[in-house]
Amino acid sequence: MSRLPQQRSGTARLRRLEPGDVVALISPASWSDESWLAESIATVESWGFRARVGRHATDRLGYLAGGDRERAADLNAAIHDPEVRAILCLRGGCGSLRLIADVDTGALRADPKPIIGFSDITALHQVWHRVGVPSVHGAVAGTRADAVHRLLVGERGEPVRTDRRQHGAELTTAGTASGPLFGGNLEMLARGVGVVDNDIEGHVLLLEINRAAGLGMVDRALTQLLLSGALAGITGVAVGALEGFEDYQDRGWTVLDVLHDRLGSLRVPVLAGLPLGHLENPVPVPLGVECELSADAGTLTSAPMAA
């Protein structure tokens with residue numbers, strides 16, 4: 001796979017979705033069961049949009065939703081379709097990284113439309129960032145699913161507020177930061193080093209972290225991002241839920257010790273305890289648009305992503 005160079009030349013202005021617009025539902029990573037597909041279709045249609053399911057969205061190949069060629073074909077078909085105004089990834093899992101060299105970035109730049117997803121979908125968010133097209137970190141799930149709808153129709157999202165009861169909230173420091181929001185799953189961001197050139201100087205970094213690989217993964221991923229220079233010039237860090245780490249220790253250290261150690265070297269404001277990531281009711285946030293992080297007030301506020 002060849003390296004994907006940085007090509008951003010400003011952020012595209014998205015058109016807000018209107019009733020009757022088409023939302024493509026695809027599976028660029030792992031497969032989801034039929035009940036989740038049906039629920040996702042019902043949610044999209046309840047917003048007044050038309051749901052268009054990718055030809056291979058229900059394929060299965062081990063833990064993947066079919067072969068790489070087929071998953072990439074569904075993604076590019078959604079990009080090429082002028083009726084499609086947003087692309088909803090049915091789930092993460094594994095497999096998005098395999099597709100990033102196959103995305104038709106020229107077509108996406110010519111007809112910008114957001115992609116919606118989180119976790120493994122972070123690989124694709126990096127491509128959207130490289131092209132300069134906003135995207136949505138989140139899912140059409142839980143009690144906050146309608147917040148995705150509000151973002152797509154151009155409304156300003158409510159400020160995301162830290163939950164001081166949430167594990168990790170004590171990582172919050174002080175100060176404010178601003179800039180476009182960039183990021184997602186920590187491991188996927190580290191995997192992108194040397195594959196996608198993300199110029200994020202002046203950006204606020206969003207980190208979604210889960211306990212899948214223990215403290216070693218968190219340490220290695222953050223260290224790779226730091227040593228590669230990928231985080232040079234960021235203005236602040238927003239940390240989502242640290243689900244699964246509540247009672248986890250490794251030889252006396254917790255995830256909080258690792259994050260204090262690694263993030264402290266950046267010397268920027270950190271806002272933690274945000275209800276983002278692998279939660280039952282995650283809050284969606286727009287990537288690639290201006291935001292303001294206030295560690296003092298405990299809020300992350302973003303500008304509208306569409307006009």
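A: In helix H4, Thr122, Ala123, Leu124, His125, Gln126, Val127, Trp128, His129, Arg130 and Val131 are buried (under 20% relative accessible area; exposed is over 50%, partly exposed in between; 1.4 Å probe, protein chains only). H4 spans residues 122–131 and is mostly covered, with 10 of its 10 residues buried. Gly132 follows H4 and has a positive phi, near 90°. Helices (H or I, at least four residues) and strands (E, at least two) are DSSP runs, numbered from the N terminus.

The model is predicted: local features need pLDDT of at least 70, side-chain atom pairs count only at pLDDT 80 or more, and totals for chains, interfaces and linings use all residues. Residues are numbered from 1 along each chain as its sequence is written, and side-chain values use heavy atoms, with hydrogens and water left out.

Now strand S13. S13 covers residues 299–302 and pairs with S6 (residues 160–161) in the antiparallel sense over 2 bridges. Pairing requires at least two bridges found by DSSP between two strands. Arg161 faces Thr299 of S13 across this pair, standing opposite. S13 also pairs with S12 (residues 290–294), again antiparallel, over 4 bridges. Here Cys291 stands opposite Ser302. S12 and S13 form a hairpin with 4 residues between them. In the turn, Gly298 has a positive phi of about 75°.

Thr299 lies in S13. Thr299 counts as buried because its relative accessibility is 11%. Leaving aside neighbours within four places in sequence, Thr299 contacts Pro159, Val160, Arg161, Leu271, Glu292, Leu293 and Ser294 (contact: heavy atoms within 4.5 Å).
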